[in-house]
Amino acid sequence: MFTQSAALESVSQDVFFEVAAFLNKEARLLDEERFEEWLGLIHEDIHYWMPGIENRRRENPLKQGFYDKDHMAYFDDSLRDLQRRVARFRQPSAWAENPATRNVHQVNNLEAFIAQEPNTYEVYSTFTSIRSRGLDEEYVIYGRRYDTLIRTESGLKLLKRLILIPNATLSCKNINTFL
Amino acid sequence: MSNIIKTLDVTERLDNLKQVCDLDEGRIAGEIFYSQSIYEQELEKIFARCWLFVAHESQLVKTGDYITTTMGEDEVIVVRQKDGSIKVFLNACPHRGNKVCFSESGTTRGFICNYHGWSFDTAGNLVGQHESGIYEASEFDKSKWGLREVAKVDTYKGLVFATFDPESPSLQEYLGPMTWYLDALFDNQEGGTEFVGGCIRSTYECNWKIAAENFVGDILHAGWTHDSAARAMLGGAVAKVSDFEESYSVNWNGHGYEFALDTVGNVAVLGESKLNRYIHTIKPSVAERLGDFRSNMIASVSSCTIFPNFSFLPGQNTVRVWQPRGPNKIELFTWVVVNKSAPDDIKEMWRKGAMMTFSPTGVFEMDDGENWEYCTKTAKGRVTAKQDLYVGLGMDTFMEDTHLPGNVYQGQLNEANSRAFYQYWYDLLSAHTWSEVPNRNKGKVEAE
């Protein structure tokens, strides 16, 4: 299980507001399929990681409890990997994206702290991703995110994201979005 | 012997199978993907009888290492024994049937039921209960109430298979000459293979056969279905399979392997030039080990299903089981396989590469899922379910004169393996005993 590395100081109200606006905008860009603009929020050194969740007994934990950095993952991406995923969405021959999947991304339970590295923030949130395809398909994925945001000359960027879902079995066939 | 699983009283055979499946004519009907009564027959006559993949030996290194999985819809525990052997038990307490192991993997000295405290050692023996004295008063014979053990467990090159049916043929006979082809992925280097850690599980609303058949011999879909993924990963279209000078579809007992001899076509779609180089680097040693022919297969455009539901892609190195969960639902269990002797950075590239391509977030797999779900869902319509579906490509492509083992057909763009898969399915559903299953193999058992 992820635990905070040290007792960190909360950010100011102004920064909190800025971080919330960043995450809300990110969610809206994904809902609106504005993937190139979404990539513009991502730092070039991004580690975008969603490990597979393993159902283990408490006395038999993995390195990080119920996940492990060396084990299989849903995302374990660099910027190049994220760009490749976006490139597929943009192909006219991405048959399973037409008609479009309709997305709603929600972000909740926001906390923001001043991180130990300069110009960075540790940001925790919960999320709900609701997708619908066709006439009646609906898929809901929810979980917790542990983000590191960094302030650059061109504004806040996402430097690290750890996505933890509670499910050891994904209840749908794919994740054709970002979380 | 009391802990052997009782064999099933097989229900009456279906009388309409010929209507939904005629492989000589090259047709099936969508009903086989949606019918509840056909599905119930499959659980008894296929999943309770065939050899099913349950684990890779690398998941069970030490005594007491275990994983849990399912054989059909039956939950099982696969556990390494003190003597190095592997046992497979029903994951159900012989008292009230509660699950005795709730975790997917780990290391243990035994299993304890949460309900009444029945406690079992890793060999499945009942070794104690809560309030054990009252059992003694009822002259309870502990030796008769251990975990129920499957009929047979056997391995091939690290792959662990089990069957519930004591009458089933040996694993060797079941796999037949397919093992010659399995070696191209599972025995191409000294030390064999291992699974990288973890298992990704996802849920499809499709019939298990449509997925298994896709891997048994349907490379035809790749150039069309996966065009977007190939362009994303490679910046261009996937290799045009009809351009390959030499390619084959080989089957045996419903298993099928389709392949080209282009060495790197599958691994190339991972978009990591280091992996292509690794394949080229090991190729000479594979040629020494397995011969030139199979050294061209190690990561070529290819796929395989071992009947009924174990599949893999050489090169992408994804290994998977399509677990049946009703006629129109599966749970897909996936793992990544690598050569044990491969350098760590190569193993790591395969872990990520399989995720990027063939996983619930994989750019290739995303376009498969919707196809398979709607091949299944359209059969909800009673009229649609009765319509013939064409599975007739390559009817006259059997190769009489070949040095290759198995039932060998010319060309990958061929539905010979799909027909053989459905034929074996038909034969098993129609047979009360293994001796009633007709032998339709006409190729060589051994390579020449």
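Two residues are in contact if their C-beta atoms, placed from the backbone, lie within 7 Å. Keep that rule handy for the exercises below.

This is a predicted model, in which local features need pLDDT of at least 70 and side-chain atom pairs count only at pLDDT 80 or more, while totals for chains, interfaces and linings use all residues. Residues are numbered from 1 along each chain as its sequence is written, and chains are lettered from A and ligands numbered from 1 in the order in which they are written.

**Exercise 1. Describe the side of chain A that touches chain B.**

How many residues does each chain bring to the contact?

*Step 1.* Chain A contributes 33 residues and chain B contributes 37 residues.

*Step 2.* On the chain A side, β2 (73-77) and α3 (79-89) each supply at least two residues. The most comes from α3(A), with five residues.

*Step 3.* Sorted by class, this side of chain A has twelve nonpolar, ten polar and eleven charged residues. Here Ala, Val, Leu, Ile, Met, Phe, Trp, Tyr, Cys and Pro count as nonpolar, Asp, Glu, Lys and Arg as charged, and the others, Gly among them, as polar.

**Exercise 2. Follow α3(A) to its partner helix in chain B.**

Which residues of α3(A) and α8(B) meet?

*Step 1.* The axes of α3(A) and α8(B) come within 8 Å and cross at roughly 145 degrees. Axes are lines fitted to C-alpha atoms, for helices over the stretch in contact, and angles run from 0 to 180 degrees between N-to-C directions.

*Step 2.* From α3(A), R84(A), A87(A) and R88(A) meet S228(B), A229(B), R231(B), A232(B) and M233(B) of α8(B). These residues divide into four nonpolar, one polar and three charged.

*Step 3.* Now look at the loop between α3 and β3 (102-114) of chain A, where S93(A) is found. S93(A) touches D227(B) and S228(B), not counting residues up to four places away in sequence. S93(A) is partly exposed, with 17 other C-beta atoms within 10 Å.

*Step 4.* P99(A) is found in that loop between α3 and β3 of chain A too, and the peptide bond from N98(A) to P99(A) is cis, with omega near 5 degrees.

**Exercise 3. Work out how two helices of chain B sit against α15(B).**

Take α6(B) and then α2(B).

*Step 1.* Helix α6 (residues 208-217) and helix α15 (residues 416-430) of chain B pack at about 135 degrees, with axes 8 Å apart. That makes α6(B) oblique to α15(B), since angles under 35 degrees count as roughly parallel, over 145 as roughly antiparallel, 65 to 115 as roughly perpendicular and the rest as oblique.

*Step 2.* The contact is made by K209(B), A212(B), E213(B), V216(B) and G217(B) of α6(B) with A416(B), N417(B), S418(B), F421(B) and W425(B) of α15(B). Its classes are five nonpolar, three polar and two charged residues.

*Step 3.* For helix α2 (residues 36-47) of chain B, the axis comes within 9 Å of that of α15(B), crossing at roughly 95 degrees. That makes α2(B) roughly perpendicular to α15(B).

*Step 4.* Q41(B), K45(B) and I46(B) of α2(B) meet W425(B), L428(B) and L429(B) of α15(B).

**Exercise 4. Check helix α13 (residues 365-377) of chain B.**

Is α13(B) largely enclosed or largely open?

*Step 1.* Ten of the 13 residues of α13(B) are buried, so this helix is largely enclosed by the rest of the structure. Among them are M366(B), W372(B) and C375(B).

*Step 2.* The buried residues of α13(B) pack against β14 (200-204), α6, α7 (220-225) and α8 (227-234) of chain B.

Technical notes:
Helices (H or I, at least four residues) and strands (E, at least two) are DSSP runs, numbered from the N terminus. A residue is buried if 20 or more other C-beta atoms lie within 10 Å of its own, exposed if 12 or fewer, and partly exposed in between; C-beta atoms are placed from the backbone.
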